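Dear colleague,

I am passing on the structure we spoke about, with some notes on what came out of going through it. Please look at the coordinates first and then read on.

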Amino acid sequence: MMSTAQRTLLVELLTEELPPKALARLGDAFADGIANGLRTRGLTTDASVVTPYATPRRLAVTISNVLGRAPDATIRAKVLPVSVALDANGNPTPPLAKKLAAMGFADLPVASLERAMDGKAEAFFHTYTAAGAQLADALQASLDETLGKLPIPKVMSYQRPDGETVQFVRPVHGLIALHGDTLVPATAIGLASGNKTQGHRFLSKGEVTVANADAYAATLEAEGKVLASFTGRRDAIRTQLLAAAGGDHVVMPDALLDEVTALVEWPAIYACHFEQEFLAVPQECLILTMQTNQKYFALTDKPLAEGGRLTNRFLIVSNIETAHPEQIVTGNERVVRPRLADAKFFFEQDKKKRLADRVPLLANVVYHNKLGSQFERTQRLVKLAGAIAQMIGVDVALAERGALLAKADLLTDMVGEFPELQGTMGTYYARHDGEADEVARACSEHYQPRFAGDALPATHTGTVVALADKLETLVGIWGIGLQPTGEKDPFALRRHALGIVRMLIERRLPVMLSDLLDVTYKQFTSGVASPEYLSDVYQFVLDRLRGYLRERGYAANEIEAVLVSPSIYLSLSDLIERLEAVRAFSALPQAEALAAANKRIGNILKKTAPPPDGVIVPSLLMEPAEKSLAAALEKVAPVVQRNFEAREYAQALSALAELRDAVDAFFNDVMVMADDEALRNNRLALLWHLHVQMNRVADLSKLAA
């Protein structure tokens, strides 16, 4: 029996090289699985700290304050309802005997059972003390559960030296399980636990003995030349890269940093060079080939976001630390040279053919079998971009030209080699062909925003072509029945819809969303469903809009107040101003009462419509309260109208505050549904005019509690 003392537990699996892109996820899953397994079995405490480790050759975890044996637990277990446990004469039934036997209490007399209410029925309960789990048993169960649930990208089968065939992500060569300095007996994938592991393949002296769980990371670092912590190793690489960059800026995407961290156990940074002549190639090509093919870190004279230019120096992360890295440096320089030469060749070859001459060849590229080729799609984009440009008042010719060339670089050698460069290369080639700058920029900008938070197109032409591209995808794909279902969205329609929302709002485009959907649908001459589905697309976009506005901090009732207002469908260009006005109105002391009154008026008008002409007849205003409301409305209405037309929405809503007392008095003193039809219609007309003014900016009833 193990001690009940709280000590640090170490578990390590020593493996062959693990898949680098999955390493961080595997390491976290291994650590979490072991920790959760022990936690559910009562072996950890509130003070326990879980520390994951992951290197190319190991998955490990240390958990502090782990008990050798879990405390005993008092358990009150329900046995059976009394109606089932006893027969009509009050004698125990066979089901009761069977249940007690299954619980391990076959000889337990019925008289010792507790009889208590369980909801509306009476039941038997038994309270007993369950012995706490032993660490060895709990660890074995946790190991088995964890290894069976690891997010392994691809399982491999291999034969162990003893002839047993086992399966895991990579062959496993060792298992450590230590509780403090005490070995915990356990097995995993045919291996028994011990306290020995292997250090770095080349830099360590071989087998490493871990004397104590608390000394795991320090022992591996000192004796094995291994930085076991994934995050610690990542931080070390980042620090070394920045130090080696000198005055340059390191192009350090997180995905590359993670992948390199997963490839080395003892990182060493070396600086390399390539020939100056390669800098004539677009830097995006050179950076991408270095990152994708060689896992190198490019250097620029300043951050890329600030217009940084690539230098002919780059940094490599090696798994070998040496005082004489000349061979490592020259070897990597020799390897990268053909890659850069290929990029240069592709670039020079692509420039020999104009983008415009490639457009007809898009007829050979299938977009979707129900929607035709990329050439047919391009023809739709040209017409759609021209229509949108006309709607928002920008250069139609530039928009149509940008849409014509937008997809042409898909047929270039460079994009064929590096699909990530589509659009980027189109901009370079369009400039080489002498196209207008906005047309050239539209080739890359029309893909924006590519993800949440990405920059919007900076030019008018880029914005129009981006809108056309996203609208054509959304309406076309939805029209052939491939709308998103659940979490599945293979055509990224949610992202496209959000991009449309962002451009309409943040670029303040004076165009109706419904008009955009209608003009997009008209570009499809066949293949898509009848236009009724556009209402679903409209609501789909509005749902993305709601999410976007919530992320910007607006409350749900504020959003709905604006979105259901009839005047919002003019455009989304002033949506933020409306929301800010609604928020300011909500803070007024009169807001709650006016919102409630607006809701009441809306309910009345739904049940009983005002007269068709909607005219208020002054001679029929009989009560002082209705005369007062009519006078107040006559005074306020021009102010609201003037501010609304000037888009001074906060002032328009603020003016409504003057109506609060008159509205309250009206509902206190006036019977709207009077028996006299003329009086009734006149009062309904008054309420209708009031309702119109109150809802010009937003539907204030949505603010009512």
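Please keep in mind throughout that the model is a predicted one.

As for the geometry of this pair, two packed helices are described by the angle between their axes and the distance between the axes. Helix α22 spans residues 591-607 and helix α26 spans residues 677-694, and their axes come within 10 Å and cross at roughly 130°. Angles over 145 degrees would count as roughly antiparallel and those from 65 to 115 as roughly perpendicular, so α22 is oblique to α26. The crossing in which α22 passes α26 is left-handed.

A second pair is formed by helix α21 (residues 575-586) and helix α24 (residues 649-656), which pack with their axes 8 Å apart and at an angle of about 30°. Because angles under 35 degrees count as roughly parallel, α21 and α24 are described as roughly parallel to each other. Here α21 passes α24 in a right-handed crossing. On the α21 side, the residues that take part are E577, R578, A581, V582 and F585, and they meet Y649, A650 and L653 of α24. By class, the contact of α21 with α24 has six nonpolar residues and two charged ones, with no polar residue.

Turning to the cysteines, a search of the whole structure finds zero disulfides. For C443, the closest cysteine sulfur is the one in C285, and because the two sulfurs are 14 Å apart, whereas a disulfide needs them within 2.5 Å, they are too far from each other for a bond. C443 also counts as buried, because its relative accessibility is 0%. C272 likewise counts as buried, with a relative accessibility of 0%.

Finally, a note on one histidine: where does H368 lie, and is H368 buried or exposed? H368 is placed in strand β19, which covers residues 366-368, and with a relative accessible area of 15% H368 is buried, since the cut-off for that class is under 20%. If neighbours within four places in sequence are left aside, H368 is in contact with I480, L482 and F491.

Conventions:
Residues are numbered from 1 along each chain as its sequence is written. This is a predicted model: local features need pLDDT of at least 70, side-chain atom pairs count only at pLDDT 80 or more; totals for chains, interfaces and linings use all residues. Side-chain values use heavy atoms; hydrogens and water are left out. Axes are lines fitted to C-alpha atoms, for helices over the stretch in contact, and angles run from 0 to 180 degrees between N-to-C directions. Helices (H or I, at least four residues) and strands (E, at least two) are DSSP runs, numbered from the N terminus. A crossing is left-handed if the near helix is turned anticlockwise from the far one by less than a right angle, and right-handed if clockwise. Buried means under 20% relative accessible area, exposed over 50%, partly exposed in between (1.4 Å probe, protein chains only). Contact means heavy atoms within 4.5 Å. Ala, Val, Leu, Ile, Met, Phe, Trp, Tyr, Cys and Pro count as nonpolar, Asp, Glu, Lys and Arg as charged, and the others, Gly among them, as polar.
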